[in-house]
Amino acid sequence: MLERHLFIPASPQHLWETLTDPASVSTWFGALVDWDLRPGGPARFVEDDGAVREGQIEEVVAGQQLRFRWWPEDHSDDESSEVTYLLAPQGEGTDLTITERQLPTGQPAEATTAQASSATANWTAWDGRLVGMWSGATAPVAIGTR
């Protein structure tokens, strides 16, 4: 499992919007995002390079937690993973924990090594996403626009 902990100097409500509003997510995620934020709702990510990932929303607790599964459009099980966002108010901001774990595939050990390599590459992408998310969540908001 790969995990990142961040303190974001923004309210949980504002951070939740940054993490879940499709227009907002699309500005920092590196993909156009379309999802139905309810358990069982579909998700679709069209990455900047044209790659497509499908997904499903697993759990939503507004302002606190989002959990979804996603996989390549071709449904290759060896690249399916689960992503969780956990938000907790902390002083003048929000503690954010993001985890991504590969889902078990029942593949032999050699495939597990390939999964680990794929997960590491994907996590490098998360670091770039988090920089963009930070910028979006902490940018000053003009009066009257929210």
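**Figure 1. Glu 17 in helix H1.** Glu 17 is found in helix H1. This is a predicted model, in which local features need pLDDT of at least 70, side-chain atom pairs count only at pLDDT 80 or more, and totals for chains, interfaces and linings use all residues. Residues are numbered from 1 along each chain as its sequence is written, and side-chain values use heavy atoms, with hydrogens and water left out. Helices (H or I, at least four residues) and strands (E, at least two) are DSSP runs, numbered from the N terminus. Glu 17 counts as partly exposed, at 36% relative accessibility. Buried means under 20% relative accessible area, exposed means over 50%, and partly exposed lies in between (1.4 Å probe, protein chains only). Glu 17 and Gly 63 are 46 residues apart in sequence, yet their C-alpha atoms are 8.3 Å apart in space.

Figure 2. Seven of the nine residues of H1 are buried, so H1 is largely enclosed by the rest of the structure. The buried residues are Pro 12, His 14, Leu 15, Trp 16, Thr 18, Leu 19 and Thr 20. The sheet is open, has seven strands in the order S1-S7-S6-S5-S4-S3-S2, and pairs them antiparallel. Two strands pair if DSSP finds at least two bridges between them. Strand S1 (2-8) and S2 stand at the edges with a single partner strand each, so one side of each lacks a neighbour in the sheet. Neighbouring strands are turned by 20 degrees against each other on average, direction ignored. Axes are lines fitted to C-alpha atoms, for helices over the stretch in contact; angles run from 0 to 180 degrees between N-to-C directions. H1 packs on this sheet and touches S1, S2, strand S4 (52-61), S5, S6 and S7. Its direction makes about 160 degrees with that of S6. Contact means heavy atoms within 4.5 Å.

**Figure 3. Thr 97 and its partners.** Thr 97 sits in strand S7 (residues 93-102). Thr 97 is buried, with a relative accessible area of 15%. In S7, Thr 97 is the bridge partner of His 5. Leaving aside neighbours within four places in sequence, Thr 97 is in contact with Glu 3, Arg 4, His 5, Thr 84, Tyr 85 and Leu 86.

**Figure 4. Strand S7 between S1 and S6.** Seven of the 10 residues of S7 are buried, so S7 is largely enclosed by the rest of the structure. S1 and S7 pair in the antiparallel sense over seven bridges. S6 and S7 run antiparallel too, joined by 10 bridges. Val 83 stands opposite Glu 100 in S7. S6 and S7 form a hairpin with two residues between them. In the turn, Gly 91 has a positive phi of about 60 degrees.

Figure 5. Gln 65 lies in strand S5. Gln 65 is buried, at 18% relative accessible area. Its side chain makes a polar contact of 3.3 Å with the side chain of Glu 59. Not counting residues up to four places away in sequence, Gln 65 touches Trp 16, Glu 59, Val 60, Thr 84, Tyr 85 and Leu 86. S5 and S6 pair in the antiparallel sense over six bridges. Arg 69 stands opposite Glu 82 in S6.

**Figure 6. The largest nonpolar core.** This core has 22 residues, of which Phe 29, Trp 35, Phe 45, Phe 68, Tyr 85 and Leu 96 touch the most other members. The elements giving two or more residues to the core are helix H1 (12-20), helix H2 (22-28), strand S2 (31-35), strand S3 (42-47), strand S5 (65-72), strand S6 (81-90) and S7. A nonpolar core is a set of buried Ala, Val, Leu, Ile, Met, Phe, Trp, Tyr and Cys residues joined through side-chain atoms within 4.5 Å.

Figure 7. Pro 104 is in the loop between S7 and helix H3 (109-138). Pro 104 counts as exposed, at 75% relative accessibility.

Conventions
A polar contact is a pair of N or O atoms within 3.5 Å; within protein, one must be able to donate a hydrogen and the other to accept it, and residues adjacent in sequence count only if both atoms are side-chain atoms.
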